[in-house]
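Dear colleague,

I am handing over the structure below, together with some notes on what was found in it. Please keep it open beside you as you read.

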Amino acid sequence: MSSSSSSPSSAAQSLSIPRIVPLSELAETSQIVLSAKPRLINVTHQIPFACTLIDRSYPSHIAGLGPSGAGSAAGQPLINRRSSYIAPRQYTSTGASQNCILEQRRGHAALYSGIKSLENDLETIQIGWVGELADQDGYVVQSKNLSESHKQALKERLWQKEKVVPIFLDESRATGHYEGYCKTVLWPLFHYILWDEATDGRLEKKNWDDYVSVNQQFADAVVEQYQHGDIVWIHDYHLLLVPHMLRQKLPGAAIGVFIHAPFPSSEIFRCLPKRVEILNGLLGANQIGFQTYSYARHFISCCTRVNGYESTPRGVDAMGSTVWVGTFPIGIDAERVERQRKAPGVLPKMDAIRKTYKGKRIIVGRDKLDLVKGVQQKLQAFEKFLNDYPEMQGEVVLIQVTSPPLVENAKLEAKIAELVAHINGTYGSLNFTPVHHYHQHIDRDEYYALLSVADIGLITSVRDGMNTTSLEYIMCQSENHGPLILSEFTGTAGSLSGALMVNPWDYQGVARVIYDALNLSEEDKLVRYNQLHKHVLGHTAQIWAKNFIAEMTLNASTWDQSTPTPYLNQQTITERYRKAKKRLLMFDYDGTLTPIRKTPGAAVPQEHMLKALTALCADPKNIVWVISGRDQKVLEEWLGNVGKLGFSAEHGSFMRQPGGKKWVNLTESLDMGWKNDVIEIFTYYTERTQGSFIEHKRSSLTWHYRMADPEFGAFQAKECQNHLENAVLSKLPVEILVGKKNLEVRPTIVNKGEIVKRLLSQHPEVEFVMCAGDDKTDEDMFRALAGISNSCGAQKGSDGLIEPTGLPIGSQGLTGHGNIAPFSITIGHALKKTLANWHVTSPEELIRILGILAGTVDA
């Protein structure tokens, strides 16, 4: 089944889930299905084209040319020109007939080349913000001032060009999203720069709201284009919430994310106020890719330490489905670079540069003027080089090109200019200038000419995702074989072993490596170059894109094919409840009637839960039991005031009949001598695991590590479990229950399932059975109910969702209950491995259902 792009909302309507999930929670994933020949929907912050409008039908002041256009007066700076604007260009009449000119956007060439290469195998759609629109003179045209006919014409032009779908953002929202949240919050954090300004939080809240709003607009645009079985690929930190938003509307979609920026360690990432929302946003995807293994490891660690999710080296367990986390180092379009560096305009510029710097050794640096690019460190290291090796003064020049960023940094620019003046004043002369600094965009021919004539490429980033300049430098050095000096903090450092690695903060070390590079033998240079060149050709942007999609397709095809547990149908359970003359209701406590808390003593019952439970017990048709792992004292203290409520404590070790006061010990005849051995082992691990503790019960022992370090606690729990299995289980009649952040040891014959069987045999007259639980100990209850027919059957709908049919699956059951289809309900996600027939995602949802059944909450 597929929906055409002409009906935007059809996909969203047919693929819905029970409720809207806030960013503080994870969205559920249903079974991933790919069509035989899926389309690929690429989602980037901006489309690959810069659009220049040549239709003058709108008023001139809209373009910033009239009184309201800043910089329109003679002699004033043109501050409202497009940031990538260089100079007016002449356009052909062919373009003019289309009312707009489309030019390849500056930057991100590797990304766009990789995506475009997939068009050979997949139908590809590109979605992104249209970016700054400008007229022929470079003046910005605000999209809000464009008429719908202008926008439609631009949409049609972009779709005809390369199936590009533009998103028109409100300028205020776009600024708050990009210059606000992306560039002042996420970008510094991802590059290990913490904020140093204290504010009242109002601006941060506005920027966050803009970030959420823009991400939602992107998600809506994807849903509008999505057809069943498509692949969605989202790029970079501008759109981290889109996967979560898409997952809610498209639970069966194959969604991938690639983060082109570095990803910080958990100690840095935990400083982000919206850390939970950002991680949950990303975990809406099926696969998340990073440049390096360390970035992937940092992300997994953040999911474990910050959000408390279970993880493996391969991914994160999110709502029962594994989000695969992998390393996919991006490269460049080697063929394009090879073609462009041999363009007719490059050779004359190479000759001009050689003539200008005749007899000099040339070191080249080309960076965006950002704090993390290490331009300041590079200049200070070069000064150290000139000071430590005076014989090189007058022999070596540094040509540093810094392209202006989208958001100017006046302080950094002034500091760089001051450093350049200082070095030139100290080590220069009338006929020699050691540093030539060009703070400007240079055209492509000049760029490749500069890389081709260089004797050394010098990159000293203090933190960088993927530095493509280093790869382009290698391609341009096929004749010269100049060595590459590369910061160990760049994303390419782990791959380019043939480069000379440096710590940009060690100025003396960088100076020494520069000297060594200048004195490398031709043989050494050739060996290093061949190694680097081979890597670049073997890891291109095309291979990167192909590998990511291939891995994603493989993961989708090997998806766990078990049928998801359907969401509890409120109408079905209400109708069955009302019709029954006698009902048996059984509930776990922790994680079922109340949320899981870090300490057991904090899980006190909530008032609305007590109200619903009391009303259920007051109905003479109902038999209500709480079957918990808690001890008798706690159950009596918290729930003892609820009349006619039956209790089973310590996983079935003790029972108290509804309305009674006496507890029956079902383990009285059992030997509890095993406790001494278990206490000794638990104590050993408690002393060595900070934050863990032992909970003593009459018939069981539990070791909790919820407050311990997540990774170390899980490691210690596995060690403790192995120890128990070898030392205790092999010789004593006990078993280990692996719970949520705990290990429990209890007698083998004691479990909640035995209590369920006992209650069913005591009440053969019941016509309605409901049982709810959340963890592995509650599976014993569901197993006991499996003898009765499964809950109202479920079958796959045509859109891939589970649709309850309302019909029993079988008729075999325990004696006297053959015609009952019990409602066994697990608390958790749809893909959780369980014997239950239904699920709800949280205790709050179950309590609401109980309130509806009891009449304390409106349906």
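Contact here means heavy atoms within 4.5 Å, and helices (H or I, at least four residues) and strands (E, at least two) are DSSP runs, numbered from the N terminus. This is a predicted model, in which local features need pLDDT of at least 70 and side-chain atom pairs count only at pLDDT 80 or more, whereas totals for chains, interfaces and linings use all residues. Residues are numbered from 1 along each chain as its sequence is written, and side-chain values use heavy atoms, with hydrogens and water left out.

I begin with a helix on a sheet. Helix H22 (residues 632-639) lies across strand S21 (622-627), strand S22 (645-649) and strand S23 (654-656), and runs at about 155° to S22; axes are lines fitted to C-alpha atoms, for helices over the stretch in contact, and angles run from 0 to 180 degrees between N-to-C directions. Helix H25 (residues 752-762) packs on the sheet as well, touching strand S20 (583-587), S21, S22, S23 and strand S29 (768-773), and its direction makes about 165° with that of S21.

The sheet in question is open and has eight strands in the order S24-S23-S22-S21-S20-S29-S32-S33, with mixed pairing, where two strands pair if DSSP finds at least two bridges between them. Its edge strands are S24 (664-665) and S33 (838-840), each of which pairs on one side only. Strand S32 (residues 823-827) runs parallel to S33 and is joined to it by three bridges, and Ile825 has Trp838 as its bridge partner in S33.

Another open sheet has six strands, in the order S16-S15-S14-S17-S18-S19, and its pairing is parallel. Strand S16 (435-438) and strand S19 (500-502) stand at its edges with a single partner strand each, so one side of each is left without a neighbour in the sheet. From one strand to the next the twist averages 20°. Within this sheet, S17 (residues 456-459) and S18 (residues 484-487) run parallel and are joined by three bridges, with Leu484 in S18 as the bridge partner of Gly457.

Which strand is largely enclosed by the rest of the structure? For strand S8 (residues 231-235), five of the five residues are buried (under 20% relative accessible area, with a 1.4 Å probe and protein chains only), so it is largely enclosed. Both of its faces are covered, with Ile231, Trp233 and His235 on one side and Val232 and Ile234 on the other. S8 runs parallel to strand S1 (residues 40-46), to which four bridges join it, and also parallel to strand S9 (residues 254-258), to which it is joined by five bridges. Trp233 stands opposite Gly256 in S9.

Leaving aside residues up to four places away in sequence, Leu283 touches several residues, including Leu26, Ile288, Phe299 and Val323.

Finally, the buried residues of helix H10 (residues 293-305) include Tyr295, His298, Phe299 and Cys302.

With best wishes

Notes: Buried < 20%, exposed > 50% of the residue type's maximum accessible area, 1.4 Å probe, protein only.
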